[in-house]
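Please keep the sequence and the model in view while reading.

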Amino acid sequence: MTQFEDLQSLAGRVPHGALVALAPDYSWVPMALVRAMIRGGIKELKMLAVPIGGMATDLLIGAGAVASLEAAAVSLGEAGPAPRFTVAVETGALPVRDTTCPAIHTALQASEKGVPFMPLGGLIGSDLVENRSDWKVMDDPLGEGGGPVVLLPAIKPDVALFHSPKADIHGNVWIGRRRELMTMAHASSASLVTVETIEDRDFLADEETAAGTLASLYVTAIAEAKNGAWPQGLTGHYDRDADHIRAYAEAAKTEEGFRQYLEGDVLEPS
Amino acid sequence: MTGASYKPEELLITTFARLLLRLERIGHVAVGALSPIPGAAALLAQALAADEGGEEAGQETEKGAALAGPGQGHKMRVSIIHGDANNPFTDGGRELFDCAGQGRIDAFFLGGAQIDGGANINLLGTGDYPDLDKRFPGSFGSAFVYFVIPNVILFAPEHTKRVLVNKVDFISAPGTSPPEVHRPGGPKALVTGKCAMEFDAATKRFTLESVHPGVTVEDIRDNTGFDFDLPDGGPDAVPETPAPDAALLDRLRTTIGPEIAKTYPAFAERVFG
């Protein structure tokens, strides 16, 4: 059954060295949970961006919590490049498995289906393929003249992390149209979720909420976290705090600026 | 010359919009990550296409269009990912790519930290991968969408030899593919801060199509790291990119500005005030 607990306990469930899936900044990133994980001293994470990393990924990298990263891109969007990611890659401190957006979606879909790999079109001739020894190029195995395709091994994250406006008391989590969260949760061994509120009802009993609900079957544990996506936005609840994100982008350009941000906005529990 | 004054971004937007209206069968334009100028251009092209009325162009799959019959749906559909506005996708991050893979998207824009004369694009970084000198965000979905969307328009606001190179350091996505590779899509055009070019997949070369107001063919030669073709008639036959007139600029600023601000507020504030 889905457990209900406080934020720091939820953060404590993420093992050191886990393969952790995080959605892009626009898709309900659990910023409060990420800050709690950094406070808890999380380390050696293998990060999977689904498929683009943003501020949460940059924070974890800067905090020294990340051993490796798989991503199609990492960026702070309109606030510019992700500074700690950029420095870590340019100095060779962070090994990156570079990929492309649909390759990550497809590899997660393979895990959803429980098959060891899935094919994807395109890709042939991209240097990404040259540098991924785990990908395999083969001719259309059905012999129907489809040409070469790339086989991608399934990706099975240890844990998916996300925020949502609401869960119900049965552990069902409403995700609306943010269905990459559904895919992430289906593909992962565990899902840890923060929510704005926990409602005394059953989302699955109402057809209008059921269609946008991730069933508790996939949800390991839930913690309440008010404004849990801040400074990112939460659709229909609050907008992205663009000033804060810009200030972070500026501060994190230097190691010292990042340390100050970490001490002021992350290590001091808010 | 028109008397209206405009920002460089506004010229890029109107040039992209004209290009979208000129390409054949553009029923559905999708706009990807970090693409405020293409997003504004697509919305402007949509508004201009609506003025003309008439039947929709070839959106959705060929069989789907045949079933829908004439006059159904929008003349031009615009889908902008990563925001809540103008975003029709309800099946998660995968849907844009699944949609493109089926042939339901006719046009798309891709940028490049580097673009070479064979239309190979690099969004990942410069230097000798993986020991990069300069890292950029990454390849995003380019390694897939470049293969499956028929009209990909490349954009490079900075027209310098740093961006327009003889050979990209890393191929995020190749400009052309050998015949055995299934590839219904690819590059059609390149718009930079100085000019517009067309790409021919058969010759694997760009042809200079127009130079922006105040720019000469000589400037393009001096600032382009790859060799390109000129139209029949040589340098004198290269026209000037049409500048937006006052009415078009007003429409862009008052109608399109607030719409693109829903996805790109900082960009809209900077360009449209």
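## Helix 5 of chain A

Directly after helix 5 of chain A comes A:Gly114, which has a positive phi, near 75 degrees. The structure is a predicted model, and the values in this report are to be read accordingly.

The 13 residues of helix 5 of chain A should span 18 Å at 1.5 Å a residue, and the end C-alpha atoms are 19 Å apart, which agrees. The buried residues are A:Cys101, A:Pro102, A:Ala103, A:Ile104, A:His105, A:Thr106, A:Ala107, A:Leu108, A:Gln109, A:Ala110 and A:Ser111. Their cover includes elements of both chains: strand 8 (117-120), strand 10 (148-153) and helix 7 of chain A, together with helix 4 (94-101) and helix 5 (142-148) of chain B.

One residue of helix 5 of chain A may be examined in detail, namely A:Cys101. A residue counts as buried if 20 or more other C-beta atoms lie within 10 Å of its own. A:Cys101 has 30 C-beta neighbours inside 10 Å and therefore counts as buried. Leaving aside residues up to four places away in sequence, A:Cys101 touches A:Pro51 and A:Ala72 as well as B:Gly93, B:Phe97, B:Phe140 and B:Gly141. The C-alpha atom of A:Cys101 is also separated by 8.2 Å from that of A:Ala73, although the two residues are 28 residues apart along the chain.

## The contact between the chains

How many residues does each chain bring to the contact? Chain A contributes 42 residues and chain B contributes 41 residues. On the side of chain A that touches chain B, at least two residues come from each of strand 6 (73-74), helix 4 (83-90), helix 5 (101-113), helix 6 (127-130) and helix 7 (179-187). Helix 7 of chain A gives the largest share of that side, four residues. Sorted by class, the side of chain A that touches chain B consists of 19 nonpolar, 15 polar and eight charged residues.

## Helices that pack together

Two packed helices are described by the angle between their axes and the distance between the axes. Helix 3 (residues 55-62) of chain A packs against helix 4 of chain A at an angle of about 50 degrees, and the axes are 7 Å apart. These two helices of chain A are therefore oblique to each other, and the crossing of helix 3 with helix 4 is left-handed. Helix 3 of chain A takes part in the contact through A:Thr57, A:Asp58, A:Ile61 and A:Gly62, and helix 4 of chain A through A:Pro83, A:Arg84, A:Phe85 and A:Ala88. By class, the residues of this contact between helix 3 and helix 4 of chain A are four nonpolar, two polar and two charged.

A second pair is found in chain B, where helix 1 (residues 8-22) and helix 7 (residues 246-261) pack at an angle of about 100 degrees with their axes 11 Å apart. Helix 1 and helix 7 of chain B are therefore roughly perpendicular to each other. Here B:Glu10, B:Ile13 and B:Thr14 of helix 1 meet B:Leu248, B:Leu249 and B:Leu252 of helix 7. The residues of this contact in chain B comprise four nonpolar, one polar and one charged.

## Helix 2 of chain B

Helix 2 (residues 36-52) of chain B has 17 residues and reaches 25 Å from its first C-alpha to its last, close to the 24 Å expected at 1.5 Å a residue. Because 12 of its 17 residues are buried, helix 2 of chain B is largely enclosed by the rest of the structure. Among the buried residues are B:Pro36, B:Leu43, B:Leu44 and B:Ala49.

## Backbone features in loops

| Residues joined by a cis peptide bond | Omega |
|---|---|
| A:Val50 and A:Pro51 | about -10 degrees |
| B:Tyr129 and B:Pro130 | about 0 degrees |

A:Pro51 lies in the loop between strand 3 (45-49) and strand 4 (52-53) of chain A. B:Pro130 lies in the loop between strand 6 (125-128) and strand 7 (131-135) of chain B.

A:Glu44 is not a glycine, yet its phi is positive, about 60 degrees. A:Glu44 is located in the loop between helix 2 (31-39) and strand 3 of chain A, and with 13 C-beta neighbours inside 10 Å it counts as partly exposed. A:Leu123, likewise not a glycine, has a positive phi of about 65 degrees. The loop between strand 8 and helix 6 of chain A holds A:Leu123, which counts as buried with 27 C-beta neighbours inside 10 Å.

Notes. Residues numbered from 1 in each chain as written. Chains lettered and ligands numbered in written order. Predicted model: local features only at pLDDT ≥ 70, side-chain atom pairs only at ≥ 80, totals over all residues. Contact = placed C-beta atoms within 7 Å. Nonpolar A, V, L, I, M, F, W, Y, C, P; charged D, E, K, R; others polar. Expected span 1.5 Å × (residues − 1). Axes fitted to C-alpha atoms, helices over the stretch in contact; angles between N-to-C directions. Parallel < 35°, antiparallel > 145°, perpendicular 65-115°, else oblique. Left-handed = near helix turned anticlockwise from the far one by under 90°.
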